[in-house]
Amino acid sequence: MKLQPTWPGRSDGSRFSSIPLSKINGSKNRNISIPSSSRQIPFCSRPSEQVHDFSTLPYDVVAKIAGSFSLQNLRSASLVCKSWCEALRPLREAMLFFRWGKRFKHGRGGVRLNLHKALDSFLKGAARGSTLAMVDAGLIYWELGKKDKALALYHKAAALGDPAGQCNLAISYLQAESPNTKEALKWLYKASLAGHTRAQYQFALCLHQGRGTDPNIQEAARWYLKAAESGYKRAMYNVSLCYSYGEGLVHSHRHARKWMKRAADRGHTKAQLEHGLALFSEGEMMKAVVYLELATRAGERAAASVKNVILQQLSANSRDRVMFLADNWCALPSSR
Amino acid sequence: MADDGVNTKVEAVSKATTETIELRTEDGGVFDVDKPVAMEFLILKSFYEDEGRVFDKTSIRLPNVKQLELSKVIEYCTRALEFGAKSAAAAGDKDAERMVRQEREGFEAEFVDELSNEMLKELILAVNFLDIKEMLDFLIRSVANRIRNRSVAYVRQFFDIENDFTPQEEDQIHQENAWAFEGVDAD
């Protein structure tokens, strides 16, 4: 039966009592005493062949390791051994509250939509260390107009390394009345490094627009590309433009077309317009008009005139087919 | 090794702040560490601050830390302080700030890449003992990345931990929050 995790050999629980100071030879020999508040227990030196037992990692270290784990990973970590299971109990409880929060937020799983109950659940989860719950609680506070409270929660999650928290925090800073671009960039960068797609896009935008830093299209393009490769449609659109103008990326018509199509297929309205127009100029009428119809439906007025030109040249049968395709069109999944 | 039990007052020598502190590891390593770096080890820092004294060259034995780990810790903390200073110096110059950022990014990636799993674990224990917050967070993130999305068996093997659950106990954990462990609803 494992004992409470403590440092091997440390029996007094006091942190600093047991570092022995020794005198060194030299002219300035001083007797240095251990602070009187501590006990005079010499530290047991452990035999060098003793292997570290990681099942006795301090609970807070284990909890930190699993701090930003998904539910699935948290379960795996809880099953590693008893002491880890115990160490992660607060996090599991936090996850329970997080789940309840989600149910109240969306009104499913047998409960009615109730933002305040959702917030309550998320706050309980946040109090037990779940960064996921912190971020969701922050979102609700933001919706309720309590921006200070939202910011505090985002900050807490961000400080614990949660990329979504970092991203939201940064965006809050950017949208504030007096934007704090320096802080925003710092957090966007961290979240981007951690692979958070939206953060990568926002970071690229700041670099592109020279917000909080000198404009740097090359680095912006690099991050647009990362976000695009992860499926972020707005980044895909921007990547296409970079290739198209040869800004930040080498000029390439082929790559520009490829990325514009990808963005269009994921439902980016302007991309649908651009892609439709490009198909039109390539002579692909049927395909072009479908995209232009989609763009028109989404509000792109510019699409309407070209679309109508094409439609007039089509037979009734073809027009029906176009509408059928547009009606049944589904966007490919895009990361948010 | 242990103190001689005498509470001798140390006379503060005016302006005689130590430039380096000698740290000795349990396996006989001796390191002369710059004071600013050593003060990143909170376990040492509060000890110094407790007394409010100025020590001349002092030798401190760190029983929980081995040479290999301490040298890595010193390397990281020294570079971290350098980056901090560079960052501060570059404040206002966007290009320079970005360069420091990228340099730090590169250093940290390389630092963690070179660490074996064993070394990573040992460093966590050492850094947790020495109480170096920034480095601990960095190492914890690195470990989390290595075991994220891995099976229970992998995590056990990674940490060299024996499964001390009985099958019934394992089942119980599964049952306990079974419904909570079904897939999280997408937002």
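Keep in mind that the model is predicted.

**Chain B in outline**

Let's begin with chain B, which holds 8 helices and 3 strands. Going along the sequence, the order is β-β-α-α-β-α-α-α-α-α-α. Of its 187 residues, 43% are buried. If you look at the contacts in chain B with a separation of 6 or more, 63% of them join residues 24 or more positions apart.

**The core**

The largest nonpolar core counts 144 residues. Five residues have the most contacts inside this core: I65(A) and W84(A) from chain A, plus F41(B), L130(B) and F159(B) from chain B. Helix α5 of chain B, residues 117-130, is the biggest giver here, putting 9 residues into the core.

L130(B) is worth a click in your viewer. Setting aside residues up to four places away in sequence, L130(B) touches F41(B), L42(B), I43(B), L62(B), V65(B), L70(B) and V73(B). One of those partners, F41(B), is also on the list of residues with the most contacts inside the core.

**Two aspartates with positive phi**

Which residues in chain B have a positive phi near 60° without being glycine? D131(B) is one of them, and D160(B) is another. D131(B) sits in the loop between α5 and α6 of chain B, where α6 covers 133-147. D160(B) belongs to the loop between α7 (152-159) and α8 (167-176) of that chain.

As for accessibility, D131(B) has a relative value of 25%, so it counts as partly exposed. D160(B) comes in at 58%, which is over the 50% cut-off, so it counts as exposed.

| Helix pair | Residues | Crossing angle | Axis distance |
|---|---|---|---|
| α6(A) and α8(A) | 131-143 and 163-175 | about 25° | 10 Å apart |
| α11(A) and α12(A) | 217-229 and 233-245 | roughly 135° | within 8 Å |

On the α6(A) side the contact is made by V135(A), L139(A) and W142(A), and on the α8(A) side by A164(A), G165(A), N168(A), S172(A) and Q175(A). By class, that is 4 nonpolar and 4 polar residues, with no charged ones.

The other pair, α11(A) and α12(A), cross at roughly 135° and are therefore oblique to each other. Their crossing is left-handed too. From α11(A), the residues involved are I217(A), A221(A), Y224(A), L225(A), A227(A) and A228(A); they meet A235(A), M236(A), N238(A), V239(A), C242(A) and Y243(A) of α12(A). This contact has 11 nonpolar residues, 1 polar and no charged.

**A histidine in α7(A)**

Last stop: H155(A), which lies in helix α7 of chain A, residues 147-159. Is H155(A) buried, exposed or partly exposed? With 35% relative accessibility, it counts as partly exposed.

Leaving out neighbours within four places in sequence, H155(A) is in contact with L169(A), Y173(A) and W187(A).

Terms used: Residues are numbered from 1 along each chain as its sequence is written. Chains are lettered from A and ligands numbered from 1 in the order in which they are written. This is a predicted model: local features need pLDDT of at least 70, side-chain atom pairs count only at pLDDT 80 or more; totals for chains, interfaces and linings use all residues. Side-chain values use heavy atoms; hydrogens and water are left out. Axes are lines fitted to C-alpha atoms, for helices over the stretch in contact, and angles run from 0 to 180 degrees between N-to-C directions. Helices (H or I, at least four residues) and strands (E, at least two) are DSSP runs, numbered from the N terminus. Contact means heavy atoms within 4.5 Å. Ala, Val, Leu, Ile, Met, Phe, Trp, Tyr, Cys and Pro count as nonpolar, Asp, Glu, Lys and Arg as charged, and the others, Gly among them, as polar. A nonpolar core is a set of buried Ala, Val, Leu, Ile, Met, Phe, Trp, Tyr and Cys residues joined through side-chain atoms within 4.5 Å. Buried means under 20% relative accessible area, exposed over 50%, partly exposed in between (1.4 Å probe, protein chains only). Angles under 35 degrees count as roughly parallel, over 145 as roughly antiparallel, 65 to 115 as roughly perpendicular and the rest as oblique. A crossing is left-handed if the near helix is turned anticlockwise from the far one by less than a right angle, and right-handed if clockwise.
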